[in-house]
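Please read the following walk through one protein model with its sequence and structure in view.

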Amino acid sequence: MEETGEILAAETKAITSFLSWLKQYCTWDNLIKLIFSAVVVLVLWIVYKLIIRAIKKVPETKVSTHKTMLLTTLVKYIFYVLVVMFVLSRFGVKLSAIWGAAGIAGVAIGFAAQTSVSNIISGVFVLTEGTIKIGDFISVGDVSGVVDNVNLLSVHIHTLDNQLVRIPNSNIINSNLTNFSFHAKRRFVFNVSIAYENDMEQALETLKKAPGLCPTVLQEPAPVVLFDGFGDSGIKMTVAVWFNSSDLAATKNAMFIAIKKVFDEAGIEIPYNKIVVDSGKLSVENLSK
C-alpha cells in the first residue's frame, strides 16, 4: 500500500508539472498566434494547390511531362520551406540560428555522404540539361530501358523484360548516355550480301524497291542504297532508311521481309552457309546459284 501511494504521488506530480508547463504556453497571445498561423498556412496551401493544378493543366505540347514534374517538385519544396519558416518565426524562433546550424550540419553530412552529394549535384545537371525525359528509351553502359522517373539522386528505368533498374545520376554524368528517343526521326542500316554470279546493276535497282514496300519508312530523308565492298562469300550491299523513332520494331520487320521478297522475285541469290554430309564427313560450304 505504501509503494502504491508513492507511485500515485509520483504520477500526480508528473501530471501537475506537465499541466504547469502547458499552462505557460496556453495564453491568449499564443492562441492568437496559432489561429493566425493556421489561417496563413491554409492560404498558402490553397495557393500551392492552385499552382500545382495550373502546372498540370498546361498541354504537353507546350511543357513536357518531365518539365511538369520538375516544376511541381520545385513548388512543393518551396511551399514546405515557406510554411516551416513562417511558423517558426511566428513563435519567436530565430531563423539565423537555424541557418547556421543547417550549414554546419550540411558540411558534416557532405563529408559523411560524398557519394549522395555527388549524385545530387549530378542530378541537378541531369534535370536541367534536358537530355532525358520520362518515356525515353536510353542506354547507359550495358543497361538499356524506358525512363520511368528522373529525380535528384537517380534515374529509374524499366528494361524490355520489365525489370526496374536504378541508375545513379553520377553514372549518367560520367558515362556515355545514348538517348534513342531524343529525336523524332532516326535511321537504321540494313546489311545484305548477294552472290558474285548476280548482276550488280540489277541487284542495286532491285534493292531500291524494298523501302517502298514498308509503310513506316520515310521518303524524306530519302532511303540510300549502295555497295559496301567485296566479301569472302558475296558482294556486300547496304540500305539505310529513316523512320519515326516509335516505329523501330515495325520498320525492322518490314524491311527484312521486303529485302527477301524483292530479291526472290528478281532471282537474286543471298549466299549462305550450309552443312553438307558426304560419306560420313562433315563440311560447311557456302552455296550460291
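Helix α8 is followed by G267, whose phi is positive, near 70 degrees. Helices (H or I, at least four residues) and strands (E, at least two) are DSSP runs, numbered from the N terminus. This is a predicted model, in which local features need pLDDT of at least 70 and side-chain atom pairs count only at pLDDT 80 or more, while totals for chains, interfaces and linings use all residues. Residues are numbered from 1 along each chain as its sequence is written, and side-chain values use heavy atoms, with hydrogens and water left out.

Helix α8 itself covers residues 248-266, 19 residues that reach 27 Å from the first C-alpha to the last. That is close to the 27 Å expected at 1.5 Å a residue, where the expected span is 1.5 Å times one less than the number of residues.

Which residues of α8 are buried? They are T251, M255, A258, I259, V262 and F263. Buried means under 20% relative accessible area, exposed over 50%, and partly exposed in between (1.4 Å probe, protein chains only).

K260 forms a salt bridge with D264, with the closest N and O atoms 2.7 Å apart. A salt bridge is a side-chain nitrogen of Lys or Arg within 4 Å of a carboxyl oxygen of Asp or Glu. The two residues are four apart in α8, about one turn of the helix. K260 is partly exposed at 45% relative accessible area, and D264 is partly exposed at 48%.

By this rule the count comes to three salt bridges. One of them joins the side chains of K133 and D136 at 3.2 Å, N to O. Here K133 is partly exposed at 31%, whereas D136 is buried at 3%.

Two loops remain to be visited. In the loop between β7 (217-218) and β8 (224-230) sits P221, which a cis peptide bond joins to E220, with omega about 0 degrees. N162 lies in the loop between β3 (154-158) and β4 (164-168). N162 has a positive phi of about 65 degrees although it is not a glycine, and N162 is exposed, with a relative accessible area of 60%.
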